[in-house]
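Please read the following briefing alongside the sequence and the coordinates.

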Amino acid sequence: MIGIDLDCPHKDVRQPLIYQEHCFTGCAGTNILRLLPPLCLTKAEADLFIEKLKKTL
């Protein structure tokens, strides 16, 4: 599990990730975006997520 501590409420990032970029994420608290990648996650899939996160931020 990975937590990303944001400077803004997680819903400002999570909503576009889910509905526009089709990346499901979780949340914890008010500013933490939670990721639970599978153990078989490839580097290419991780890079794709990072690009989508950058686009959203």
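## Cysteines and overall picture

The structure holds zero disulfides, a disulfide being a pair of cysteine sulfur atoms within 2.5 Å. C23 is in no disulfide, and the nearest cysteine sulfur to its own, that of C40, is 15 Å away; C40 is likewise in no disulfide, its nearest cysteine sulfur being that of C23. This is a predicted model, in which local features need pLDDT of at least 70 and side-chain atom pairs count only at pLDDT 80 or more, while totals for chains, interfaces and linings use all residues. Residues are numbered from 1 along each chain as its sequence is written, and side-chain values use heavy atoms, with hydrogens and water left out.

**Exposure of the cysteines**

- C23 counts as buried because its relative accessibility is 12%, where buried means under 20% relative accessible area, exposed over 50% and partly exposed in between, with a 1.4 Å probe and protein chains only.
- C40, by contrast, counts as exposed because its relative accessibility is 64%.

**Confidence**

- The protein averages a pLDDT of 95, and 100% of the residues score at least 70; pLDDT is the predictor's confidence in each residue, from 0 to 100.
- Confidence is lowest in β2, at a mean of 93, and highest in α2, at 96, with helices (H or I, at least four residues) and strands (E, at least two) taken as DSSP runs numbered from the N terminus.

**The largest pocket**

- The largest pocket has a volume of about 380 Å³, a volume being the space filled by probe spheres set on grid points that are joined across faces, edges and corners.
- On a 1 Å grid over the protein atoms alone, a pocket is an open set of points where a 1.4 Å probe fits, with protein on both sides within 12 Å along at least five of seven lines, and lining residues have an atom within 4 Å of a point.
- Its lining is made up of 16 residues, of which F24, L35, L36, P37 and F49 lie nearest the centre of the pocket.
- Two or more residues of this lining come from each of β3 (32-35) and α2 (43-56), and α2 gives the most, with five residues.
- By residue class, the lining divides into twelve nonpolar, two polar and two charged residues, where Ala, Val, Leu, Ile, Met, Phe, Trp, Tyr, Cys and Pro count as nonpolar, Asp, Glu, Lys and Arg as charged, and the others, Gly among them, as polar.

**The buried side of helix α1**

- The buried residues of α1 are H10, V13, R14, P16 and L17, and what covers them includes β2, β3 and α2.
- H10, which lies in helix α1, counts as buried because its relative accessibility is 14%.
- Leaving aside neighbours within four places in sequence, H10 is in contact (heavy atoms within 4.5 Å) with C27, G29, T30, N31, I32 and L33.
- V13 also lies in helix α1 and counts as buried because its relative accessibility is 3%.
- Not counting residues up to four places away in sequence, V13 touches L6, C8, L33, L53, T56 and L57, while its C-alpha atom is separated by 9.7 Å from that of N31, 18 residues apart along the chain.

**The loop between α1 and β2**

- T25 is found in the loop between α1 (10-19) and β2 (26-28), and T25 is buried because its relative accessible area is 1%.
- Beyond its neighbours within four places in sequence, T25 is in contact with R14, L17, I18, L33, R34, L35 and F49.
- H22 lies in the loop between α1 and β2 and is exposed, with a relative accessible area of 66%; although H22 is not a glycine, it has a positive phi of about 60°.

- R34 has its place in strand β3 and counts as partly exposed, at 34% relative accessibility.
- With neighbours within four places in sequence left aside, R34 is in contact with M1, I2, T25, G26 and C27, and the C-alpha atoms of R34 and F24, ten residues apart along the chain, are separated by 9.7 Å.
- E45 has its place in helix α2 and counts as partly exposed, at 42% relative accessibility; E45 and F24 are 21 residues apart in sequence and 13 Å apart in space, C-alpha to C-alpha.
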